[in-house]
Structures are given as C-alpha cells and as structure tokens.
Amino acid sequence: MPMSLNARPSRRAVLAGLASVSALALAGCTTTGSTPVASAPAEPVRRVVPPDVLAMYAARPEEEYPVPAADISMLDPVYWRQEVANTTGQPEGTVLVDTANYFLYWTMPGGRAMRYGVGLGRAGFAWSGEGHIAYQRKWPVWTPPAEMIERQPELEMYRHGQPPGLLNALGARALYIHQGNRDTLYRVHGTMDIASIGKAVSSGCVRLIFQDVIDLSERVTSGSPIIVV
C-alpha cells in the first residue's frame with residue numbers, strides 16, 4: 001500500500017515510567033519485567049513543554065479511576081499528540097498504525113489526521129494486517145489468553161480477569177481489533193509506562209499514554225477500519 005509517512009526520529013529520550021514495578025511485570029499488552037532495560041543517560045534531557053501540550057496531558061480527576069498528569073518532558077516531542085497532514089493514503093475515519101515509526105493515525109476530514117506516539121509488540125509478538133474496531137471499553141477487565149499464562153505462570157492470578165484500575169494491563173481504554181467475526185486478541189489500549197512509547201516492548205498490542213487513548217476513544221466509532229503496517 002503506497003504511503004508517505006514522516007521519518008522515524010534518530011534519537012529518543014528515555015523516561016522513567018509512571019507505572020509501578022508490579023504493573024511493568026505484567027505480560028500481554030504490557031511491558032515484561034524480564035526484558036533488559038538500557039541505562040538511562042546520567043543527565044537526561046528534560047524538554048520545555050508548551051502550555052497547550054501540558055494541558056493535553058494534564059490530570060484527569062473526573063475519570064472513574066483518576067488519572068495523574070503524564071510527565072512527557074523526557075519523551076521526544078515527535079510522540080506528543082498532534083494534528084498533522086493525512087499522509088497515510090487512507091480515507092477519513094481510519095485507524096492506521098505505522099509500526100516503523102511508532103505512530104498511530106486517526107484520519108479526519110479535510111486531509112488532516114491526529115497522530116499519537118505508540119509502543120508496540122516485541123519481535124515475535126507483533127501483529128499486522130487489516131481489521132476493524134469491533135467495540136471499545138472504558139476501564140476494561142483484562143483477561144490474559146491461556147497460552148500467555150502457560151508462558152508466564154505468574155499470570156495465573158488473572159485467569160478470570162484483572163480488575164480495572166490504573167495498573168490494569170489495558171489501562172483507561174481498550175479498543176478491540178477483530179477480523180470479520182474473529183477476535184484477533186490484539187488491542188489498542190492505554191499505558192502509564194511513558195518510557196515504552198516509541199519502543200517495541202509489549203506482547204503484541206498497541207499502547208498509548210492514558211490521555212492519548214482517552215482522546216482516541218472519543219473519536220473512533222465501532223466498525224472503524226484499522227490497518228497495521
């Protein structure tokens with residue numbers, strides 16, 4: 001599918017995640033604790049975040065589980081939510097995930113698109129293809145697949161579901177990807193682990209900062225096509 005997308009940045013900063021160690025240890029749509037983490041720079045660069053961007057990532061106390069402000073000062077600005085030209089080649093009302101550049105686009109009228117930075121699946125777990133957003137959930141329960149529990153027995157406690165909340169593997173929102181009538185088991189969902197944005201660290205799912213996935217969920221409707229390239 002021909003498309004012209006913005007080039008991937010050559011340099012990305014590392015952010016100390018907001019999520020707790022217990023949240024990062026979860027698998028399947030979240031970061032695994034067994035993956036080595038590169039050493040952070042001795043003096044990490046904190047960027048000056050413009051007021052309008054700070055407002056986008058402010059705390060959301062009105063949520064069922066109040067969401068803290070996201071500290072995006074050490075996240076490369078290319079991954080901050082922003083409206084851009086629709087260079088995807090897709091019609092309005094489409095979700096497109098550009099895995100090479102760690103972007104998710106929601107295409108809009110007038111040749112525009114909303115672009116979000118995302119974290120993606122590690123090699124061997126990543127999914128690509130075409131499907132649709134069958135439905136979405138606020139503060140969903142996360143139930144790991146049986147095969148995931150076999151790989152990581154510590155997830156047995158969640159066989160019948162992990163309760164919703166800030167540390168839930170799916171976070172504040174989850175968009176469920178289907179192909180026809182088949183659930184692919186992959187999701188677009190939230191994360192508090194800001195350091196995972198712009199990286200391949202999760203078990204296959206597409207992860208957005210809580211504030212971004214909330215914004216996306218308010219735009220996407222059930223049945224919207226999704227393309228992962």
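**View 1. Helix α4 and its buried residues.** In this predicted model, Phe210, Gln211, Asp212, Val213, Ile214, Asp215, Leu216 and Ser217 of α4 are buried, where buried means under 20% relative accessible area, exposed over 50% and partly exposed in between (1.4 Å probe, protein chains only). That makes 8 of the 10 residues in this helix, which spans residues 210-219. Helices (H or I, at least four residues) and strands (E, at least two) are DSSP runs, numbered from the N terminus. Residues are numbered from 1 along each chain as its sequence is written, local features need pLDDT of at least 70, side-chain atom pairs count only at pLDDT 80 or more, and totals for chains, interfaces and linings use all residues. Side-chain values use heavy atoms, with hydrogens and water left out.

**View 2. The largest nonpolar core.** A nonpolar core is a set of buried Ala, Val, Leu, Ile, Met, Phe, Trp, Tyr and Cys residues joined through side-chain atoms within 4.5 Å. The largest one has 46 residues, and Ile72, Leu104, Val188, Leu208 and Leu216 touch the most other members. Helix α4 supplies at least two residues, as does each of several strands, including β2 (95-98), β7 (173-179) and β11 (225-228). Strand β3 gives the most, with 5 residues. A second, separate core of 9 residues includes Trp142, Met148, Ile149 and Tyr176.

**View 3. Around valine 188.** Beyond its neighbours within four places in sequence, valine 188 has contacts (heavy atoms within 4.5 Å) with Leu104, Arg173, Ala174, Leu175, Ile177, Val206, Leu208, Leu216 and Ile226.

**View 4. Salt bridges.** The count comes to 10 salt bridges, each a side-chain nitrogen of Lys or Arg within 4 Å of a carboxyl oxygen of Asp or Glu. Arginine 46 pairs with aspartate 71, their closest N and O atoms 3.0 Å apart. These partners are 25 residues apart, with arginine 46 in the loop between α1 (21-24) and α2 (51-56) and aspartate 71 in the loop between α2 and β1 (82-85). Aspartate 71 is partly exposed, at 28% relative accessible area. Glutamate 62 meets arginine 60 at 2.6 Å, N to O; glutamate 62 is exposed at 53%, while arginine 60 is partly exposed at 22%.

View 5. Where pLDDT is low, the predicted coordinates should not be read in detail. For the protein chain, the mean pLDDT is 85, with 81% of residues at 70 or more.

How values were computed:
pLDDT is the predictor's confidence in each residue, from 0 to 100.
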